[in-house]
Each structure stands twice: as C-alpha cells, then as structure tokens.
Amino acid sequence: MSREQQGEFSATTRGIRVSVRAFFLEDQSRPEEGHFVWAYKVRIENGGRETVQLLRRTWRITDALGRTQHVHGAGVVGEQPTLEPGDVFEYTSGTPLETPSGFMTGTYHMIRVDSGEALDVAIPTFSLDSPHQAGQVH
C-alpha cells in the first residue's frame with residue numbers, strides 16, 4: 001500500500017491497482033448532530049494480462065471510537081464491471097459516520113473471466129478526516 005500524493009491511497013494485487021481519494025462533504029454533514037459524510041472516488045486499473053470481473057465487495061468502516069461496520073454487496077454502484085488488460089473503471093460513492101474521522105478498508109471479490117478463478121483484490125486503507133476533529137488522527 002502506498003500514499004502517493006496527499007489524500008490518495010493505493011494498493012496493487014496481482015496487477016490490479018486500486019486507488020482511492022476521500023472528500024469530506026461539509027454541505028451534507030451536520031456536525032452538531034453527530035452526522036459526518038464523505039465521498040470517495042475509486043479507480044480500478046487492470047495492469048495484469050487477464051480479463052477480470054468485479055462480482056462483490058466487502059468494506060470495513062471504522063469510526064473514531066473504534067466502532068466497525070461491515071458492508072457486503074454485489075458489484076459497485078450497481079455494476080459488476082469487466083476489465084480487460086489496460087482497462088480502468090472509476091466510480092464515486094460515499095459513507096456517513098457519527099464521528100468526525102475514521103477509516104475504511106476492504107476487498108473486491110473478482111474472478112478471472114477465462115478460468116473462473118477467484119481473485120480477492122485489496123482496497124487500500126484510507127482515512128476519513130474532517131475539519132471538525134481536534135487533530136488529524138490518521
């Protein structure tokens with residue numbers, strides 16, 4: 001896992017590179033009510049030699065108090081994209097927390113299209129930071 005530029009996190013698993021950048025959404029947050037919202041933009045690049053398809057995702061979202069929620073689901077943003085070698089798929093999603101900071105990590109569950117072999121691709125751990133926390137924790 002690497003943090004290449006401020007706010008961007010990336011990880012590569014067997015040629016599949018996942019990069020994530022999170023953005024605090026002040027206009028959708030209500031700090032006085034303990035409601036903090038982030039958007040995150042994900043870029044998935046197939047740098048491998050085989051066509052892959054993203055079937056499912058698993059997220060682990062942890063708030064500043066250490067409370068963790070697990071999210072499982074089919075595909076991403078309603079899609080199960082197929083990426084041929086050299087292809088890129090990007091999407092934006094979001095998450096709310098009850099604390100002004102936290103972090104997310106996860107896994108994309110993919111298959112190699114030709115062989116049907118399962119392939120779990122790491123989503124890098126990335127921080128969810130807002131201007132409402134006492135100091136930058138992550």
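**Figure 1. The surface of the whole chain.** The accessible surface of the protein chain comes to about 7200 Å². Carbon and sulfur atoms hold 46% of that surface. The model shown here, as in every view below, is predicted. Of the 138 residues in the chain, 41% count as buried.

**Figure 2. The fold, strand by strand.** The protein chain has 10 strands and zero helices. Read from the N terminus, the order is β-β-β-β-β-β-β-β-β-β. The radius of gyration is 16 Å, close to the 14 Å that the globule rule gives for 138 residues, so the chain is as compact as a globular protein of that length. Along its principal axes, the C-alpha trace spans about 50 × 30 × 25 Å. Contacts can also be sorted by distance along the sequence. Among contacts with a separation of 6 or more, 63% join residues 24 or more positions apart.

**Figure 3. The largest nonpolar core.** This core has 27 residues. Which of them touch the most other members? They are I44, W59, Y91, Y108 and M110. The elements that give two or more residues to it are β3, β4, β5, β8, β9 and β10. In residue numbers, β4 covers 36-46 and β5 covers 52-63. Further along, β8 covers 88-97, β9 covers 101-112 and β10 covers 118-129.

**Figure 4. R14, a residue with positive phi.** R14 sits in the loop between β2 and β3. Strand β2 covers residues 8-13, and β3 covers 16-24. The phi angle of R14 is positive, at about 45°, although R14 is not a glycine. Is R14 buried or exposed? Its relative accessible area is 52%, and exposed means over 50%, so R14 counts as exposed.

**Figure 5. V77, another loop residue with positive phi.** V77 is placed in the loop between β6 and β7. Here β6 covers 68-74 and β7 covers 82-83. V77 is not a glycine, yet its phi is positive, at about 40°. The relative accessibility of V77 is 46%, so this residue counts as partly exposed.

**Figure 6. G73 and its contacts.** G73 is part of strand β6. Which residues does G73 contact, leaving aside neighbours within four places in sequence? They are R56 and R57. G73 and T58 are 15 residues apart in sequence, and their C-alpha atoms are 6.8 Å apart in space.

Figure 7. D114 lies in the loop between β9 and β10. Its relative accessible area is 69%, so D114 is exposed. Along the chain, D114 and E50 are 64 residues apart.

**Figure 8. A11, a buried strand residue.** A11 belongs to strand β2. Its relative accessible area is 10%, and buried means under 20%, so A11 counts as buried.

**Figure 9. P31 and its surroundings.** P31 lies in the loop between β3 and β4. Its relative accessibility is 24%, so P31 counts as partly exposed. Which residues does P31 touch, not counting those up to four places away in sequence? They are E26, F36 and H132. P31 and P100 are 69 residues apart in sequence. From C-alpha to C-alpha, P31 and P100 are 7.6 Å apart in space.

Technical notes
Residues are numbered from 1 along each chain as its sequence is written. This is a predicted model: local features need pLDDT of at least 70, side-chain atom pairs count only at pLDDT 80 or more; totals for chains, interfaces and linings use all residues. Side-chain values use heavy atoms; hydrogens and water are left out. Helices (H or I, at least four residues) and strands (E, at least two) are DSSP runs, numbered from the N terminus. The radius of gyration is taken over C-alpha atoms; the globule rule is 2.2 Å times the number of residues to the power 0.38. Buried means under 20% relative accessible area, exposed over 50%, partly exposed in between (1.4 Å probe, protein chains only). Contact means heavy atoms within 4.5 Å. Accessible areas come from the Shrake-Rupley method with a 1.4 Å probe; for residues, only the protein chains shown count as cover. A nonpolar core is a set of buried Ala, Val, Leu, Ile, Met, Phe, Trp, Tyr and Cys residues joined through side-chain atoms within 4.5 Å.
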